[in-house]
Amino acid sequence: MVVDVQCIMPALSSLCNCFHTKLIPTSPKCKMEGVEHVEFHEEAAMEIARKIIKTAVENFPNRGSDVHIPDHKEQAIGGFTTENIFHILGGFYRSTYRPLNNAIIEGRVRGAAGVVGCNNPKGRHDYGHITMMKELIKNDVLVVATGCGAIAAAKEGLMRPEAADLCGKGLAEVCRAVGIPPVLHVGSCVDNSRILTILANVVAEGGLGEDISDLPVAGAAPEWMSEKAVSIGMYFVASGVYTVLCQPLPVLGSEKLTRLLTEELEDQVGGMWGWDPDPVKAAHLMIDHINKKRKALKLRPMMYQTAPVGASG
Ligand code: SF4
């Protein structure tokens with residue numbers, strides 16, 4: 001098991017000792033007691049990778065009968081970045097955000113949502129992510145995902161172009177025309193800042209307002225756990241994005257602070273927090289917000305009727 005710096009709990013090395021597994025941290029920021037540290041350097045990437053694979057191969061005979069590997073395989077397409085997403089959307093001759101902006105303006109795509117963040121042991125693993133993403137794409141909302149939430153989407157097959165079958169008619173048409181999945185993998189959770197870069201580029205492309213807070217977009221971290229997820233959510237809110245959680249922030253003891261974060265902040269910074277423990281209802285908080293922004297921009301009504309509210313698959 002190879003780990004870098006993200007959310008690596010110190011108990012992991014004791015856990016690995018319960019099995020045959022060797023734990024290998026690769027970052028100087030993540031050194032742990034009692035495990036072999038193999039520091040990663042880009043210039044020697046192949047050599048270091050070979051060393052790690054050799055360690056794994058040599059350890060294979062120690063695998064006991066207590067190892068259970070689920071008989072389930074899935075495919076996913078990744079690698080949608082700020083540097084290439086407009087090429088993918090617009091093709092060689094029109095590599096801009098124009099096709100995406102037009103799809104939103106014409107009412108084929110309702111808007112976009114970032115569904116990101118952790119898994120949380122308080123709930124069923126992946127349930128919040130998968131349920132919310134399916135509800136969003138069914139309602140013609142294009143989803144971008146990062147971090148552990150993106151892995152949930154990949155395991156569910158939402159990062160294959162064939163997942164267009166689960167979308168509303170307008171979004172399905174766009175995904176099939178361009179050949180993209182309705183849930184785009186844009187990196188790890190520290191790449192969330194890149195989602196804001198994409199949003200800034202969409203604003204710059206024109207036709208959807210003057211500021212990120214004008215866009216028909218929303219964010220969510222349905223299963224958040226890490227404090228890092230809260231700080232990421234806060235910079236989304238501060239940048240003008242309505243951001244929804246299923247587990248509320250631990251602020252409910254203060255009526256005043258709760259009101260500030262979930263109502264008043266929008267007037268000050270353009271974004272605010274929302275929460276609902278039910279991922280379908282949380283998705284509809286986002287869809288309602290996207291509809292509100294579409295209305296403010298005086299965009300055309302949606303081209304096709306989508307499934308009735310709450311009828312998630
Ligand atoms: S999504 Fe959450 S749990 Fe996963 S790496 Fe990021 S902060 Fe950590």
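1. The end of helix α4. In this predicted model, helix α4 is followed by Gly 107. The phi angle of Gly 107 is positive, near 85°. Helix α4 itself spans residues 98-106, and Arg 98 lies in it.

2. The buried side of α4. The buried residues of this helix are Arg 98, Leu 100, Asn 101, Asn 102, Ala 103 and Ile 104.

3. Arg 98. The reader may wish to examine this residue separately. Its relative accessible area is 18%; buried means under 20%, so Arg 98 counts as buried. A polar atom of the Arg 98 side chain lies 2.6 Å from the backbone oxygen of Glu 205. When neighbours within four places in sequence are left aside, Arg 98 is in contact with Ile 105, Glu 205 and Gly 206.

4. The structure holds 2 aromatic pairs. In one of them, the ring centres of Phe 86 and Tyr 97 are 5.8 Å apart and the ring planes stand at 50°, so the pair is tilted. Phe 86 belongs to helix α3 (residues 85-90), whereas Tyr 97 is in the loop between α3 and α4; the pair therefore ties together parts that are 11 residues apart in sequence. Tyr 97 has a relative accessibility of 5% and counts as buried.

5. The stacked aromatic pair. Tyr 235 and Phe 236 form an aromatic pair with 5.6 Å from centre to centre and 25° between the planes, and this pair is stacked. Are these two residues buried or partly exposed? Tyr 235 counts as partly exposed, at 30% relative accessibility, whereas Phe 236 counts as buried, at 9%.

6. Helices α8 and α9. Helix α9 comprises residues 227-238 and packs with α8 at an angle of about 15°, the axes being 10 Å apart. Because of this angle, α8 is roughly parallel to α9. The crossing of the two helices is right-handed.

7. Helices α5 and α6. At what angle do the axes of these helices cross? The axes of α5 (residues 127-138) and α6 (residues 147-155) cross at roughly 70° and come within 9 Å. This angle makes α5 roughly perpendicular to α6. The crossing of α5 and α6 is right-handed. In α5, the residues His 129, Ile 130 and Met 133 meet Gly 149, Ala 152 and Ala 153 of α6.

8. Gly 270. This glycine is placed in the loop between α10 (255-269) and β8 (273-275). Gly 270 has a relative accessible area of 13% and is buried. Gly 270 and Gly 240 are 30 residues apart along the chain, and their C-alpha atoms are separated by 4.1 Å. Not counting residues up to four places away in sequence, Gly 270 touches Ser 213, Gly 240 and Leu 265.

Methods: Residues are numbered from 1 along each chain as its sequence is written. This is a predicted model: local features need pLDDT of at least 70, side-chain atom pairs count only at pLDDT 80 or more; totals for chains, interfaces and linings use all residues. Side-chain values use heavy atoms; hydrogens and water are left out. Helices (H or I, at least four residues) and strands (E, at least two) are DSSP runs, numbered from the N terminus. Buried means under 20% relative accessible area, exposed over 50%, partly exposed in between (1.4 Å probe, protein chains only). A polar contact is a pair of N or O atoms within 3.5 Å; within protein, one must be able to donate a hydrogen and the other to accept it, and residues adjacent in sequence count only if both atoms are side-chain atoms. Contact means heavy atoms within 4.5 Å. Rings of Phe, Tyr and Trp (its six-membered ring) pair if their centres lie within 6.5 Å; planes under 30 degrees apart count as stacked, over 60 as edge-to-face and the rest as tilted. Axes are lines fitted to C-alpha atoms, for helices over the stretch in contact, and angles run from 0 to 180 degrees between N-to-C directions. Angles under 35 degrees count as roughly parallel, over 145 as roughly antiparallel, 65 to 115 as roughly perpendicular and the rest as oblique. A crossing is left-handed if the near helix is turned anticlockwise from the far one by less than a right angle, and right-handed if clockwise.
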